[in-house]
2 protein chains.
Amino acid sequence: MGQVAIQAFSIVDNGSIVSPLGFSAGGLHCGLKKTDRNDLGAIKCDVVANAAAVYTTNVFQAAPLQVTRDSLKNGKLQAIIVNSGNANAVTGKQGEEDAYAMRAAAARELGVAEEDVAVASTGVIGELLKMDCVHAGIKAMPAKMGKDTDVAGEFSQAILTTDLVKKEICVTTQVDGKQVTIAGAAKGSGMIHPNMATMLAFVTCDAEIEQQALQGLLGQSTDSTFNMITVDGDTSTNDMLVAMSSGLAGNDILTPKHKDWESFAEAFNYVCEVLAKAIARDGEGATKLVEVNIQGADTDDSARAIAKTVIGSSLVKTAMFGADANWGRIIAAVGRAGVPVNPEQVDVKLGDILVLQGSRPVAFSEDEALAYLQGDTVQIFVNLHGGTGKATAWGCDLTYDYVRINAAYRT
Amino acid sequence: MGQVAIQAFSIVDNGSIVSPLGFSAGGLHCGLKKTDRNDLGAIKCDVVANAAAVYTTNVFQAAPLQVTRDSLKNGKLQAIIVNSGNANAVTGKQGEEDAYAMRAAAARELGVAEEDVAVASTGVIGELLKMDCVHAGIKAMPAKMGKDTDVAGEFSQAILTTDLVKKEICVTTQVDGKQVTIAGAAKGSGMIHPNMATMLAFVTCDAEIEQQALQGLLGQSTDSTFNMITVDGDTSTNDMLVAMSSGLAGNDILTPKHKDWESFAEAFNYVCEVLAKAIARDGEGATKLVEVNIQGADTDDSARAIAKTVIGSSLVKTAMFGADANWGRIIAAVGRAGVPVNPEQVDVKLGDILVLQGSRPVAFSEDEALAYLQGDTVQIFVNLHGGTGKATAWGCDLTYDYVRINAAYRT
């Protein structure tokens, strides 16, 4: 182990979802957004890819999720069509027909089978899609698609709503001595509190991998990455994470029994974690990324519950915005998470600054704490000294801009 | 029934916690707050009263809660001493000693037994009480106490932190043909998401009532009132609701078997509901009261879960601030509440304005909706058409001022 395990993968500068062998992508503006920002994107694979997905647990599932489930019945996909600006959620039978029409149009224009196309949407809930815009956009899409990173950036741009920045990551790792590439693109911003899935995220890969193994890995990675972020505690109707692997890297087929599985899984998990953290950092109105590390809980599940309670606390989030070392709010959130905690032996650190030890306040420099909390990344460490359970969650601060953005979202 | 049942009680204009027979109260500034607002209050009963309490479920329980539990072991109280400006929470052994010292001083100055005194605190977590201020304040308290409503107002003022207005209510009802009076005072504002208890609330009553019956009634009323409000989803370390009944009204002892129990319980519940709604309306930064009514859930518990999810949604709360009829956010919150909902048959109304019927959008006047949502009270009605379960929850909008207040609370 040692050095080899630590460097299980390398980050590819300027990599993107088209870096894995076999993938092309593109994006354009078709008229669903009022601005001229891109609002339609597509990913295509040269071959039919093994694919896997996880979806929101919200009972109101948007029409495109149903279509994607339908396409993924056989565990294969060759293309993904995505629009932003309209969620096509709570749109009834017409919404379903529109989502299927999107799939059919994308299949026709991209030259793939209908049942190999996934559909995703994000934006306002309860309004019908302007299908004339969608159809014109899909018709124009093939000419906009390509295999270089700039063109892939148009895709990453097309899936955004109130996001400020694109969220992309690309890594390589070795399987059977062959280079395997894994990349991802995601969008987040508001209504971010994923539960078994996230907002839209797309992972491409060129490893040969068994579909069941891919689905299993996607689920595991989701639990410790996308499911551990929150912006505002609201779980969307449209959350979807889709992974496609082209199998063109030339490795022997990956399963959990493969000797390189651990390092591949680590690289895959890293892609998910980077995208998840990027969503948290770019939460609506956010000025910083907040990371909560829980140690010493009785179980990992307890640690997760506590981490998500702390990261979701409006009072913790506003204190972080104000760079206020108000550890009392952290403790109050730990104490209401609904899992066992011994209230007499808790340590809390803000970065390296110890503020509570054995549940007793520790004198600390307010100036030093202020300087630390004014940074663009804040880490909160809580040790419960009760067991071996641990978890990390990511979120952001709660700011005037979150209120401004959401007080006038539809208008 | 009919008229009699409907008018089971009357609201007493200008009534207060000293209106029930036997009670006096007062408040003063002792120096715990930086401003000159009152920060110490006391209630005293002429006789030892039957009493009951419910407390926060947060595992970090503040020192005064332990002292109050200790005093309430025999179900009796004669006085309550309360400070604001400092929560005396997560303050260790010194905090416990301070809370017991507050009890001893109050007992001595008010001329009652130590074990008949409850102690409550609210304010910043993790700082030791300035006991010199507390002792001087308690010494000065008897001279400030009285039986008229103006003096009681000084108490209601003394328990506030970032609250803007006092929260008081007084009603009378008939038991055995005798007039019985029930009154309450409360404080709320932030860290309001009670779980089995609320922030500080005090109910006084002069009915003769069995202690067990009082405790049972307090628990039931809490479940449908204080436990159904939220300001920010954060459950405090100091929540406490205490009820004292002097028994001086001259009625036969009340138990659930008494013929007037139902009307008494209704009056008691009304006192709790008024205080709970007043806390929600005066939530930190709030500009309006938001009420969520759920009907047609499979059970009352499901309805409560849904009502609390909707009222707690930051996206719903910001939409209410912006007077935006964004029913998609209401639906998204309903769908993530974790209880059974048929997503195909949901109706949503904003006041009288139908916006969703059978889970299909209904055309409505945006102007009319805007005018309604700009009011100081907004009612959201959701009918799930799935059963007989129903519940009501109360909260407030999420505003710039919530962020402002909480980004700089300690400083």
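In this predicted model, 53 residues of chain A are in contact (heavy atoms within 4.5 Å) with 53 residues of chain B. The two chains bury about 4400 Å² between them, 61% of it on carbon and sulfur atoms; buried area here is the accessible area, with a 1.4 Å probe, that two parts lose on being put together, summed over both. Salt bridges between chain A and chain B number 0, counting a side-chain nitrogen of Lys or Arg within 4 Å of a carboxyl oxygen of Asp or Glu. Polar contact turns up in 2 residue pairs between chain A and chain B, both at pLDDT 80 or more. Such a contact is a pair of N or O atoms within 3.5 Å; within protein, one must be able to donate a hydrogen and the other to accept it, and residues adjacent in sequence count only if both atoms are side-chain atoms. On the side of chain A that touches chain B, the elements giving two or more residues are helix 3, helix 9 (314-321), helix 10 (327-335), strand 13 (360-361) and helix 12 (400-407) of chain A. Helix 10 of chain A hands over the largest share, 8 residues. Helices (H or I, at least four residues) and strands (E, at least two) are DSSP runs, numbered from the N terminus.

Local features need pLDDT of at least 70, side-chain atom pairs count only at pLDDT 80 or more, and totals for chains, interfaces and linings use all residues; side-chain values use heavy atoms, with hydrogens and water left out.

Buried means under 20% relative accessible area, exposed over 50%, and partly exposed in between (1.4 Å probe, protein chains only). Strand 14 of chain A pairs in the parallel sense with strand 10 (residues 289-297) of chain A over 7 bridges, pairing being called when DSSP finds at least two bridges. There, A:Val290 stands opposite A:Val378. Strand 11 (residues 347-350) of chain A runs antiparallel to strand 14 of chain A, joined by 4 bridges, with A:Val348 opposite A:Val382.

In chain B, strand 7 (residues 178-186) is mostly covered, with 7 of its 9 residues buried.

Methods: Residues numbered from 1 in each chain as written. Chains lettered and ligands numbered in written order.
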